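Could you walk me through this structure, one selection at a time? I have it open in my viewer and would like to know what to click on next.

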Amino acid sequence: MSVYLIFLFLCLIALILVCFGIILFRKNQTHKNYLKKIINVFYQIRYGNLNTTLTGARTQLEQELENVINSSIESISDRDNMIREHIDREREMAVLKSDFIAALTHDLKVPVIAHDKTFDLLLGNKFGELTQEQNEAIQNLKTSNMDLKYLIEALLETYKLEQTRLSVDIAYGVQIPLFIKEIISLIEPIAVAHNKKINLTISTSEDFTADIDKFLIKRVLQNLILNGLSHSVNSDFIEVALKSKGENFQIDIKDNGLGIEEEEIKKIFDKYYSGSNGLTRSGVGLGLYLSNKIVKACGGKIKVKSNAGENTVFSIILPKYYKNNPQK
Ligand SMILES: Nc1ncnc2c1ncn2[C@@H]1O[C@H](COP(=O)(O)OP(=O)(O)O)[C@@H](O)[C@H]1O
Ligand SMILES: [Mg+2]
């Protein structure tokens with residue numbers, strides 16, 4: 001009898017334990033399901049679906065958690081909408097601005113080019129023989145007109161640089177000495193108009209090649225040579241020297257001008273910095289800013305050495321083999 005009672009008692013305990021087990025298991029399962037729901041909601045947010053909400057809270061704690069998560073989703077969604085609207089507005093403005101600048105620079109360039117052609121006709125005596133004074137006056141007009149054309153182009157390029165990342169378009173195996181000679185012959189008329197000469201020294205026997213963006217590097221050389229010409233107040237020539245230095249090549253542009261004070265050197269590559277010393281013509285301070293950006297984008301650097309009151313040497317050091325754009 002007592003054995004039977006003990007057996008019954010044990011059965012009862014086992015039943016109670018099984019019931020507890022079932023209750024605990026179900027509770028655990030509900031928690032797990034709820035956690036899975038929360039994880040799912042976070043996944044939805046991560047993949048950009050902000051229309052999602054968390055539901056199914058059973059306890060007060062779960063309800064609190066649900067409220068916090070749902071209100072956070074709402075505020076993220078509000079901010080997301082605001083950002084999207086802002087980006088759309090910026091895009092519209094950028095298109096308007098770019099159209100405006102493109103139209104403006106085009107409209108500014110047309111008369112400048114027309115003037116240049118007219119000056120050429122006048123200088124070629126197509127409208128009758130010019131006197132010495134008339135010839136000089138027209139030559140001066142032609143020079144300032146060229147400066148203006150150059151300025152408009154620099155403005156347009158700066159604008160493009162601001163809008164898009166500077167994209168480098170590499171031409172492989174460019175004959176560098178030849179390339180530099182071609183650029184100098186293009187600038188020669190401006191030098192002549194300013195009564196200056198450009199002396200080129202190529203201190204390398206080999207006719208070496210390099211991978212460069214011809215358009216951009218031409219722009220840099222033009223900037224530096226024109227700066228040299230307009231600052232070379234103590235002599236009637238500037239010197240351009242090309243050196244091949246192992247993996248790199250270097251182009252020095254030296255003028256015998258008033259030089260640049262050490263304090264000023266820190267500022268000359270800044271956008272719109274243009275120092276005026278009363279003797280030299282100055283532009284709008286974009287030349288060196290642009291040149292520096294371009295040379296860096298091409299994987300090189302610009303160095304300046306100046307003896308105030310005597311001379312200035314700008315050096316461009318560029319790799320011969322273009323690997324990749326370090327700015328990207
Ligand atoms: N070769 C040079 N000799 C002396 N000063 C120079 C020379 N090149 C540039 N600079 C100084 O750096 C300034 C910035 O040059 P740049 O960016 O080309 O602008 P900008 O020529 O339009 O003034 C010049 O205004 C001038 O003060
Ligand atoms: Mg300049």
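Is Thr 52 buried or exposed? Select it and see: Thr 52 is buried, because its relative accessible area is 14%, and the cut-off for buried is under 20%. Keep in mind along the way that this is a predicted model.

**Stop 1: around Thr 52**

Thr 52 sits in the loop that runs between α1 (2-46) and α2 (60-123). Now show its contacts: leaving out residues up to four places away in sequence, Thr 52 touches Val 41, Gln 44, Ile 45 and Ile 73.

**Stop 2: the nonpolar cores**

Next, select Ile 176, Ile 180, Ile 198, Leu 221, Ile 225, Phe 249 and Ile 253, the residues with the most contacts inside the largest nonpolar core, which has 46 residues. Elements that give two or more residues to this core include α3 (132-163), α4 (176-193), β4 (237-245) and β5 (248-255). Zoom in on Ile 180: beyond its neighbours within four places in sequence, Ile 180 is in contact with Leu 200, Leu 221, Val 240, Leu 242 and Ile 251. In soluble globular proteins, nonpolar side chains tend to be buried together.

**Stop 3: ligand 1**

Now centre the view on ligand 1. It is surrounded by 19 residues, of which Asp 255, Ser 274, Gly 275, Gly 285 and Leu 288 are the closest. Sorted by class, this shell holds 7 nonpolar, 10 polar and 2 charged residues.

- Asp 255: an N or O atom of its side chain is 2.8 Å from a nitrogen atom of ligand 1.
- Asn 227: a polar side-chain atom lies 2.9 Å from an oxygen atom of ligand 1.
- Glu 264: an N or O atom in the side chain is 3.3 Å from an oxygen atom of ligand 1.

Taken alone, ligand 1 exposes 530 Å², and the protein buries 93% of that. Colour α5 (214-231), α7 (287-297) and β7 (311-319) to see the elements that give two or more residues to the shell.

**Stop 4: along α7**

Finally, follow α7. It is largely enclosed by the rest of the structure, because 8 of its 11 residues are buried. Among them are Leu 288, Tyr 289, Asn 292 and Val 295. Just after α7, stop at Gly 299, which takes a positive phi of about 85°.

Methods
Residues are numbered from 1 along each chain as its sequence is written. Chains are lettered from A and ligands numbered from 1 in the order in which they are written. This is a predicted model: local features need pLDDT of at least 70, side-chain atom pairs count only at pLDDT 80 or more; totals for chains, interfaces and linings use all residues. Side-chain values use heavy atoms; hydrogens and water are left out. A residue is near a molecule or strand if one of its heavy atoms lies within 4 Å of it. A polar contact is a pair of N or O atoms within 3.5 Å; within protein, one must be able to donate a hydrogen and the other to accept it, and residues adjacent in sequence count only if both atoms are side-chain atoms. Accessible areas come from the Shrake-Rupley method with a 1.4 Å probe; for residues, only the protein chains shown count as cover. Helices (H or I, at least four residues) and strands (E, at least two) are DSSP runs, numbered from the N terminus. Ala, Val, Leu, Ile, Met, Phe, Trp, Tyr, Cys and Pro count as nonpolar, Asp, Glu, Lys and Arg as charged, and the others, Gly among them, as polar. A nonpolar core is a set of buried Ala, Val, Leu, Ile, Met, Phe, Trp, Tyr and Cys residues joined through side-chain atoms within 4.5 Å. Buried means under 20% relative accessible area, exposed over 50%, partly exposed in between (1.4 Å probe, protein chains only). Contact means heavy atoms within 4.5 Å.
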